[in-house]
Amino acid sequence: MDDLLQVGAITQTHGLRGEVKVFPTTDDVKRFKKLKEVILDTGKEKMVLEIEGVRFFKQFAILKFKGFDDINDIERYKGKNLFVTRENAVKLKKDEYFIADLIDVKIYDEQDAYMGVLKDVIVTGANDVYEIALEDGRTLLLPAIKQCVLDVDMEQRKMKVHVLDGLLDE
């Protein structure tokens, strides 16, 4: 499991005073209000940035980092991702998981037969959809609902699923 979890990506600068527009990759954009710091992955290094100010514009968070007071200071970080440590991550409810933790979980059917590996989670708004790379080379798109996801064991990195009729038909 990754020690860092992505919470957003800097899309562009905002104004001339060093603010950036951040596209959130978290379910709750308002979580930025509670964050004191984020980790910026520059591609070469990871920098801890202290958050000085937060406001919101449409679906974006507008962040101001301490020590970045001019557009020229921050412009080179456009397109870079922002992360938090697990300690600063939101607390999950029962049966909730971070997407990063679900990737590469092994998938088994109700009879405990190996099916494949979870490769991606598609966030649709209604319910997530798990993209599973099956052993035979096909892809299964499985809705992340209680009728389909029977058990998740994160320690064993194993998920037991029920495939609804019609999802695997050719």
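## Reading pockets, strands and a core

Student: What space lies in the second largest pocket?

Tutor: Rolling a probe the size of a water molecule over the atoms shows where empty space is left. Here the second largest pocket holds about 180 Å³ of space. A pocket is an open set of points on a 1 Å grid over the protein atoms alone, where a 1.4 Å probe fits and protein lies on both sides within 12 Å along at least five of seven lines. This is a predicted model: local features need pLDDT of at least 70, side-chain atom pairs count only at pLDDT 80 or more, and totals for chains, interfaces and linings use all residues. Residues are numbered from 1 along each chain as its sequence is written, and side-chain values use heavy atoms, leaving out hydrogens and water.

Student: Which residues line the second largest pocket?

Tutor: Lining residues have an atom within 4 Å of a point. Among them are Asp 28, Arg 31, Lys 34, Leu 35, Lys 36 and Glu 37. Asn 88, Ala 89 and Val 90 also line this pocket. By class, 5 are charged (Asp, Glu, Lys, Arg), 3 nonpolar (Ala, Val, Leu, Ile, Met, Phe, Trp, Tyr, Cys, Pro) and 1 polar (the others, Gly among them).

Student: What is the volume of the largest pocket?

Tutor: About 1300 Å³. Its lining counts 41 residues, and Asp 27, Tyr 97, Phe 98, Ile 99 and Asp 128 are the closest to its centre. The lining has 25 nonpolar, 11 charged and 5 polar residues. Strands S1 (4-14), S2 (19-24), S6 (81-85) and S11 (149-153) each supply at least two of the lining residues, as does helix H2 (99-102). These labels are DSSP runs numbered from the N terminus: helices (H or I) of at least four residues, strands (E) of at least two.

Student: Which strands make up the closed barrel?

Tutor: Strands of a sheet pair through backbone hydrogen bonds, either parallel or antiparallel. Here the barrel has 6 strands in the order S1-S2-S5-S4-S3-S6, with antiparallel pairing. Two strands pair if DSSP finds at least two bridges between them. S1 and S2 share 6 bridges, and Thr 13 has Val 20 in S2 as its partner. S3 and S6 are joined by 3 bridges, with Asp 41 opposite Asn 81 in S6.

Student: How many bridges link S3 and S4?

Tutor: 5, in the antiparallel sense. Leu 40 has Met 47 in S4 as its bridge partner. S3 and S4 form a hairpin with 4 residues between them. In that turn, Gly 43 has a positive phi of about 100°.

Student: Which other residues have a positive phi, although they are not glycines?

Tutor: Asp 104, at about 75°, and Asp 112, at about 70°. Asp 104 is in the loop between H2 and strand S7 (106-108). Asp 112 is in the loop between S7 and strand S8 (114-122).

Notes. Points joined across faces, edges and corners; volume = space filled by probe spheres on them.
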